[in-house]
Amino acid sequence: LLFGLWWTIKYSVMWASRMGGRKTSSTVCCRNAPLGCRFLQRVPLEGLCKIIFTLGGLLCEQIAAHWTLIDPMTGEFHELGNWQHTTMYLFFALNGFCDVLIALKAPVPRGLDYVTMSLANAVEGLLFFYHL
């Protein structure tokens, strides 16, 4: 919840300042800041937070589902709702991984972060539509 609130405020301020004609970036300028702030500027914090939070959710869902997709006794799906949530977390973790690659200047196609975020939101919408 806090991550989503921070993200909304951050990009709303960036959009509003660009509408005013100023050029902004998503990072804060730390030219005369202490060493800790300059180090944090190079760390892809947003992508790492996405990966850590989604892996935490993924593990919690799988622990609740006892790591079992198909019940061996009945042959039916076991805790299918947990597996839907796991799928959603997996696609948001993929987006966080792509954010980290882009921040580390890896040779990836342009717009990969937008594609993976769109894919994650499309999967989330599809899972909401077919939620049990």
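A residue counts as buried when its relative accessible area is under 20% and as exposed when that area is over 50%. Keep these cut-offs at hand for the exercises below, which use a predicted model.

**Exercise 1. Find which residues of α1 are buried, and on which side they lie.**

Step 1: Pick out the buried residues of α1; they include K10, M14 and S17.
Step 2: Look at their directions around the axis. They cover an arc of only 70 degrees, so they sit on the same side of α1.
Step 3: Look for the partner. The buried residues of α1 pack against α3, residues 45–64.

**Exercise 2. Describe the face of α1 turned away from its buried side.**

Step 1: Name its exposed residues: this face carries L5, I9, W15 and M19.
Step 2: Look for a nonpolar surface patch. L2, L5, I9 and V13 make one of about 440 Å².
Step 3: L2 has a relative accessible area of 71%; exposed means over 50%, so L2 is exposed.

**Exercise 3. Check whether the span of α1 agrees with its number of residues.**

Step 1: Locate the helix: α1 covers residues 2–19, and L2 is found in it.
Step 2: With 18 residues and 1.5 Å a residue, α1 should span 26 Å.
Step 3: Compare. The end C-alpha atoms of α1 are 26 Å apart, which agrees.

Note on methods
Residues numbered from 1 in each chain as written. Predicted model: local features only at pLDDT ≥ 70, side-chain atom pairs only at ≥ 80, totals over all residues. Heavy atoms only, no water. Patch = residues over 30% accessible without salt bridge, like charges linked within 9 Å, V, L, I, M, F, W, Y side chains within 5 Å. Areas by Shrake-Rupley, 256 points an atom, 1.4 Å probe, with all protein chains shown as cover. Salt bridge = Lys/Arg side-chain N within 4 Å of Asp/Glu carboxyl O. Helix = DSSP H or I, 4+ residues; strand = E, 2+ residues; numbered from the N terminus. Buried < 20%, exposed > 50% of the residue type's maximum accessible area, 1.4 Å probe, protein only. Expected span 1.5 Å × (residues − 1). Arc of directions from axis to C-beta. Contact = heavy atoms within 4.5 Å.
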